[in-house]
Amino acid sequence: MSSVIDSINVSEFDGDGLRMIGTDGFNAFNGSNLGDLIDARGAGDLIDAGKGDDLIDAGMGDDLIDAGMGDDSVLGGGGKDLIFGEKGADIIVSGEGNDVIFGGNGADLIFSGDGDDTVFGGKGNDTINGGEGNDVLFGDAGMDVFEFAIEDLDARFINLVGDFEVGEDKIVITGMSDSNDVTFDANNGFIMLDGDAVISLKDVSNSTEMNMEFNESGDFEIM
């Protein structure tokens, strides 16, 4: 999936709150102020997890998820999900579908999966991976990392990073080799991979100060 954002392990969850399991139809959940486990299963669900460090597995369907205050872990599953992380250091994996994600306050890890997704990291030092598709990504306030796997960067798609700050934020491309070529077209604001425009940076005023290099882990960084 990602070198930065790992999968959520449901079996290791040890919250002290409720255990709620849904049906394959519509479900509405209201969590407690403790660490709840919410397994919504199929169909489009309405989930308000409340406070606490919750684990939410929404399953398939077009879900509306409010993780609430706490360091939550959210699995959106397939479908067009609307996810609010709220306050806390959340891990959000939305799965396939055209999702909209608001990380909220805190250092969030967000992987929006395949689809044309829109992500707002919110306040905090967030890491955002949009997966494959035409994604619109905003880190908002904080020193943010926008991560892209090279297999997800394709000439068919353009990823828009709406608020990249040179010297503060980072773009990380994983899986590159010395044979790949990355350049920045300052006239149009495109990051080019092997001659194809794959990432668009909006309103970058100080592009001459941009640094591009491989890091110690072998990933390519744009800063």
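Ring pairs link Phe84, Phe102, Phe120 and Phe138 into a cluster, where two rings of Phe, Tyr or Trp (its six-membered ring) pair if their centres lie within 6.5 Å. This is a predicted model, in which local features need pLDDT of at least 70 and side-chain atom pairs count only at pLDDT 80 or more, while totals for chains, interfaces and linings use all residues. Residues are numbered from 1 along each chain as its sequence is written, and side-chain values use heavy atoms, with hydrogens and water left out.

The structure holds four aromatic pairs. One of them joins Phe102 and Phe120, at 5.1 Å centre to centre with 10° between the planes, and is stacked, a word that applies to planes under 30 degrees apart. Since Phe102 sits in strand S10 (residues 100-102) and Phe120 in strand S12 (residues 118-120), this pair ties together parts that are 18 residues apart in sequence; strands here are DSSP runs of E, at least two residues, numbered from the N terminus.

Phe120 also pairs with Phe138, and because the ring centres are 5.3 Å apart and the planes at 10°, that pair is stacked. Phe138 lies in strand S14 (residues 136-138), so its pair with Phe120 of strand S12 again ties together parts 18 residues apart in sequence.

As for accessibility, Phe102 at 30% counts as partly exposed, as does Phe120 at 25%, and Phe138 at 21%, the class between buried, under 20% relative accessible area, and exposed, over 50% (1.4 Å probe, protein chains only).

Key:
Rings of Phe, Tyr and Trp (its six-membered ring) pair if their centres lie within 6.5 Å; planes under 30 degrees apart count as stacked, over 60 as edge-to-face and the rest as tilted. Helices (H or I, at least four residues) and strands (E, at least two) are DSSP runs, numbered from the N terminus.
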